[in-house]
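Please look through the notes below with the sequence and the model open beside you. Each point can be checked on the screen.

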Amino acid sequence: MYEVYVFPTCEKCHRLTDEMEKRGIGYEEINAGSVEGRGKIRELFKNYGKQIKKDENGWLILPLVFDSCEKKV
């Protein structure tokens, strides 16, 4: 099972989750803009901050996919 961090208006995010559904890949969609989603992202940064990619302005690049069993980027 994967954790997929998305923004509701992100076209790349929707393409990814559509493809995962099409292939039968299990995932939990997490809205990165919600209070709960931001809290989960802060927790990820504590442990995996160097592995999480940001753009040239320092913004988080989404979609962000983690294996919820192993918590790998």
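**Notes on the model**

1. L62 counts as buried, at 6% relative accessibility; buried means under 20% relative accessible area, exposed over 50%, and partly exposed in between, with a 1.4 Å probe and protein chains only. This is a predicted model, in which local features need pLDDT of at least 70 and side-chain atom pairs count only at pLDDT 80 or more, while totals for chains, interfaces and linings use all residues. Residues are numbered from 1 along each chain as its sequence is written, and side-chain values use heavy atoms, with hydrogens and water left out.

2. The place of L62 is in the loop between α2 and β3. Helices (H or I, at least four residues) and strands (E, at least two) are DSSP runs, numbered from the N terminus. Leaving aside residues up to four places away in sequence, L62 touches Y5, V6, F7, C10, K12, C13 and A32; contact means heavy atoms within 4.5 Å.

3. The peptide bond from L62 to P63 is cis, with omega near 0°. Most peptide bonds are trans. P63 is in the loop between α2 (35-48) and β3 (64-67).

4. How many aromatic pairs does the structure hold? There are 2 aromatic pairs; rings of Phe, Tyr and Trp (its six-membered ring) pair if their centres lie within 6.5 Å, and planes under 30 degrees apart count as stacked, over 60 as edge-to-face and the rest as tilted. The pair of Y5 and F66 is edge-to-face because the ring centres are 6.3 Å apart and the planes stand at 85°. Y5 belongs to strand β1 (residues 2-6) and F66 to strand β3, so this pair ties together parts that are 61 residues apart in sequence. Y5 is buried, with a relative accessible area of 1%, and F66 is buried at 0%. Together with Y48, Y5 and F66 form one aromatic cluster.

5. T17 is found in helix α1 and is buried, at a relative accessible area of 4%. The side chain of T17 reaches the backbone oxygen of H14 at 3.2 Å. Apart from residues up to four places away in sequence, T17 touches V4, V6, Y27 and E29.

6. A search of the whole structure finds 1 cavity of 30 Å³ or more. On a 1 Å grid over the protein atoms alone, a cavity is a set of points where a 1.4 Å probe fits but cannot get out, and a pocket is an open set with protein on both sides within 12 Å along at least five of seven lines; lining residues have an atom within 4 Å of a point. The largest cavity holds about 30 Å³ of space, and its lining consists of V6, F7, P8, C13, H14, T17 and E29. Helix α1 (residues 11-23) gives the most to this lining, with 3 residues.

7. About 150 Å³ of space lies in the largest pocket; a volume is the space filled by probe spheres set on the grid points, which are joined across faces, edges and corners. F7, A32, R38, I41, D55, W59, L60 and I61 line the largest pocket.

Definitions and conventions
Polar contact = N/O pair within 3.5 Å; in protein donor to acceptor, adjacent residues only side chain to side chain.
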